[in-house]
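Let's walk through this structure together, one piece at a time. Have the sequence and the 3D view ready.

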Amino acid sequence: MRTAFQWIMSIVYVFQNAVMMVVMGILFFPWALVSPKGAMTACKTYATWALWSARWLVGIRTEVRGTIPSGAVLVPAKHQSFLDILMIYNAIPQPRFIMKYELLFTPIIGVYAWRLGCVPVRRGKRGAAIKSMLADVDSGRVPAGQLVIYPQGTRVPVGEYQPYKVGPYVLYKETGQTAVPVATNAGMFWPKGTMLRTPGLAVVEFLDPIEQGVGQKDFMRQLEDAIETGSNNLMREAGFKPDGVG
């Protein structure tokens, strides 16, 4: 009975969340079109609503741990769920994301991504995208902020492992910025590939920064160790036993 009720409430949550995304996207669109502040306000408002309604409709509480970064930093993050995107976005002051180039042409979303200063990346042309991003910051088109990248390149379900890609190191080297890894257990409560939302405490944790001056091999080792160990610890805390993952 409880599972059936949770399914019903999960479907209600998913539906209302989609409706609110569309409604807020349209309401804020004129402001977002002329000002990055409008786009930021719209997205922060939506993220706040999505997290608040998740607590009351499906029992997902959220918590942010660690020192939240500010200024121009790189944020390589574990990606298990759309929930961790919302939590990271809502936590940091000036978030931007590495995104697929094709999303620029998505109605409404493309304009928001552009106004927020997200970095569209074409397959095989990451270097050009990074140069464009740096030029945009230098010109003042977008403010310097926290650039979020997913080192594994995709959402990774709880209990599974995907190898880490070299993209975060390329950004780390080219931008000269400190990297602040992020761990999460969000996929336990908002899993990939289903509408079922499970009650519990979802956490994103900002970990110790990796300062400049680290070579590629050591950087990738430190990054993966930090994110995987941190995420496994959060999942164990929530009752999952990820032994053997990675």
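Ser 53 is buried, with a relative accessible area of 2%; buried means under 20%, exposed over 50% and partly exposed in between, using a 1.4 Å probe and protein chains only. This is a predicted model, in which local features need pLDDT of at least 70 and side-chain atom pairs pLDDT 80 or more, while totals for chains, interfaces and linings use all residues. Residues are numbered from 1 along each chain as its sequence is written, and side-chain values use heavy atoms, leaving out hydrogens and water.

Ser 53 belongs to helix H3 (residues 36-58); helices (H or I, at least four residues) and strands (E, at least two) are DSSP runs numbered from the N terminus. Setting aside neighbours within four places in sequence, Ser 53 is in contact with Tyr 13, Gln 16, Asn 17 and Val 58, where contact means heavy atoms within 4.5 Å. The Ser 53 side chain also reaches the backbone oxygen of Ala 50 at 3.3 Å.

Now turn to helix H1 (residues 2-27), where you will find Val 23. Val 23 is partly exposed, with a relative accessible area of 35%.

Next comes helix H4 (residues 82-91), whose buried residues include Leu 83, Leu 86 and Ile 88.

Conventions: A polar contact is a pair of N or O atoms within 3.5 Å; within protein, one must be able to donate a hydrogen and the other to accept it, and residues adjacent in sequence count only if both atoms are side-chain atoms.
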